[in-house]
Protein chains: 2
Amino acid sequence: MYRPEIKVLDCTIRDGGLMNDWHFDTAMVKAVFTGLAQAGIDYVELGYRADKKQFSKDDFGPWRFCDEEDLREVAFECDTKVSVMADVGRTDFDDIIPAGQSIVKLYRVATYVKDIEKAIELGNHCKSQGYEVAVNIMAISHALEPDLDAALDHLAATDFDMVYLVDSFGYLQPRQVEYMAHKYLAKVPGKQIGIHTHNNQQLGFANTVEAAMKGITCLDGSIYGIGRAAGNCPLELIIGFLENPKFDLRPVLDLIERYFIPLKQELRWGYEMPYVITGLLNKHPRAAMAFLNGAHGDSFRAFYDELTNIQDV
Amino acid sequence: MYRPEIKVLDCTIRDGGLMNDWHFDTAMVKAVFTGLAQAGIDYVELGYRADKKQFSKDDFGPWRFCDEEDLREVAFECDTKVSVMADVGRTDFDDIIPAGQSIVKLYRVATYVKDIEKAIELGNHCKSQGYEVAVNIMAISHALEPDLDAALDHLAATDFDMVYLVDSFGYLQPRQVEYMAHKYLAKVPGKQIGIHTHNNQQLGFANTVEAAMKGITCLDGSIYGIGRAAGNCPLELIIGFLENPKFDLRPVLDLIERYFIPLKQELRWGYEMPYVITGLLNKHPRAAMAFLNGAHGDSFRAFYDELTNIQDV
């Protein structure tokens, strides 16, 4: 597919950090940024900017906080823009310095539907400091449709740049992505719409392709699919799909070979049956992660039965 | 999706055998058939019926030949039907005994477009012996469209039961599956159309779903995606997608846990960058399999460059 207006955002360090508390070493993150710049990626998301009053540097690696000096150690000014994510309720507004003093170009505000007004407040602050702003509405497969519609209406009235469709649980099928893409494009005219998928049912790439075919223009991927639990849409598949000659697959192949094949042995994101089961059942992967850590009985069958049993309410 | 007319065919032993020369032990194959029968699978393909004048039992395990007594050791008469595959040019017609004497119910004839008349001859023989017959046209991403059209026209004039759309190289995107599904359904009316995918670009399941949405009614899968190179569409994802209550995911979960997680460590089907590269470039996976055995230089980049370099012709 050749659609030059399509942008690609890599979330390797940010979403991958959910698997190792952001303990990636600086040389590796620098190699990742450099390789992704060579590959022509539009945005590289290097982590969260989390509130240090809530989270300690003793517990988490530097990419949980994305201090300006840490970012400048690994990134440099070029056509590839630095992005950071800011969680509603976990961000100190004072950490968001004026854009002219920062290497960051894009803030992505992550929120649930219920917190959309807080997300808009945080996004407005980022915008007033001079940044591009995206709002990522997470876990939409758990949202009631009228609530999601109202959130999109509110976002349409802002001056933010992007709104993201996020399949946090890896539950959506392509036909549901098509439905959602039409909704987002219709309700939030004039902004870029993005998609961020999870790969529980091996649909991350297919859902991203479906979104692009239906007019979504910002595509998230991560190298070798690294990300929480089943991981994200593999960046290398997106680059293979987009025929824009500005993208080059080869630096990404180098990064996979050097860093991500060994890392996958250690961190175990990807296709695992407990993640398939939570995705299929539209549930948060935390139960699957607990199962893989030995907490949920002794068989896939028992795990499946536990999650599908009707509970007293 | 609830479409009770949809049948599921498991090709675990047949396609998986391409990774270990069909050296699965009998107890394991018996457990697979039994579990798949409990799971409600319509057809279980237990291997090839290859010509013993061309292939030796010294070189290959029993599921390359599917002798009647071997099949009866692992399978039993029930609602789940036994299928075997017969390759054009590698099958002794005399091995195809009358259906009344065999536990086999379905013969699937595998062919390239250019050999379609040979496939029809072999299919006619199977039909005359009393079997259900499918023809699987392999490698359609290398076929010229008029040749494929002519092959489908010839198949439409037979009394075979099914015609299969086969993405041997894992090259097709869902939009191409949609195009092909429309073609097959229009050109071969009155027969069941099936789909068999490979998973090079993590599109095996998505392409199977797309085919089902567009009217294809026989879906191939294999347990934990086992199959040549990148493997096939994972059966467990198909069962999760189809809402027909006759299917039960749990026996498949048991088989994955007991047999296929250990086997994957040994046989290494699945998502590997060389398979991604051959899929993306619409090439046979043999180059990727050779690379993984150490024959093609020392890096993914070199492999990619080798396959993408323009060759003198």
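How many residues of chain B are in contact with chain A? In this predicted model, 36 residues of chain B are in contact with 36 residues of chain A (contact means heavy atoms within 4.5 Å). The area buried between chain B and chain A is about 3300 Å². Buried area is the accessible area (1.4 Å probe) that two parts lose on being put together, summed over both. Carbon and sulfur atoms give 64% of that area. B:Gln202, B:Phe300 and B:Arg301 supply 18% of what chain B buries against chain A, more than any other three residues.

Residues are numbered from 1 along each chain as its sequence is written, and chains are lettered from A and ligands numbered from 1 in the order in which they are written. Local features need pLDDT of at least 70, side-chain atom pairs count only at pLDDT 80 or more, and totals for chains, interfaces and linings use all residues, while side-chain values use heavy atoms, with hydrogens and water left out.

Chain B superposes on chain A by a rotation of 180° with 0.0 Å of shift along its axis (RMSD 0.0 Å). This is the relation of a two-fold axis. Superposition is by least squares on the C-alpha atoms of residues with pLDDT of at least 70 in both copies. The same surface serves both copies, as 100% of the contact residues of chain B recur in chain A.

One helix pair spans the two chains. Helices are DSSP runs (H or I, at least four residues), numbered from the N terminus. The axes of H12 (residues 300–308) of chain A and H9 (residues 250–267) of chain B come within 8 Å and cross at roughly 150°. Axes are lines fitted to C-alpha atoms, for helices over the stretch in contact, and angles run from 0 to 180 degrees between N-to-C directions. H12(A) and H9(B) are therefore roughly antiparallel (angles over 145 degrees). From H12(A), A:Phe300, A:Arg301, A:Tyr304 and A:Asp305 take part; their partners in H9(B) include B:Arg250, B:Asp254 and B:Glu257. By class, this contact of H12(A) with H9(B) has six nonpolar, no polar and five charged residues. Ala, Val, Leu, Ile, Met, Phe, Trp, Tyr, Cys and Pro count as nonpolar, Asp, Glu, Lys and Arg as charged, and the others, Gly among them, as polar.

Within chain A, H2 (residues 26–38) packs on H9 (residues 250–267) at about 150°, with axes 9 Å apart. H2(A) is thus roughly antiparallel to H9(A). Contributors from H2(A) include A:Met28 and A:Leu36, and those from H9(A) include A:Tyr259 and A:Phe260. The contact of H2(A) with H9(A) has eleven nonpolar, two polar and no charged residues.

Conventions: Parallel < 35°, antiparallel > 145°, perpendicular 65-115°, else oblique.
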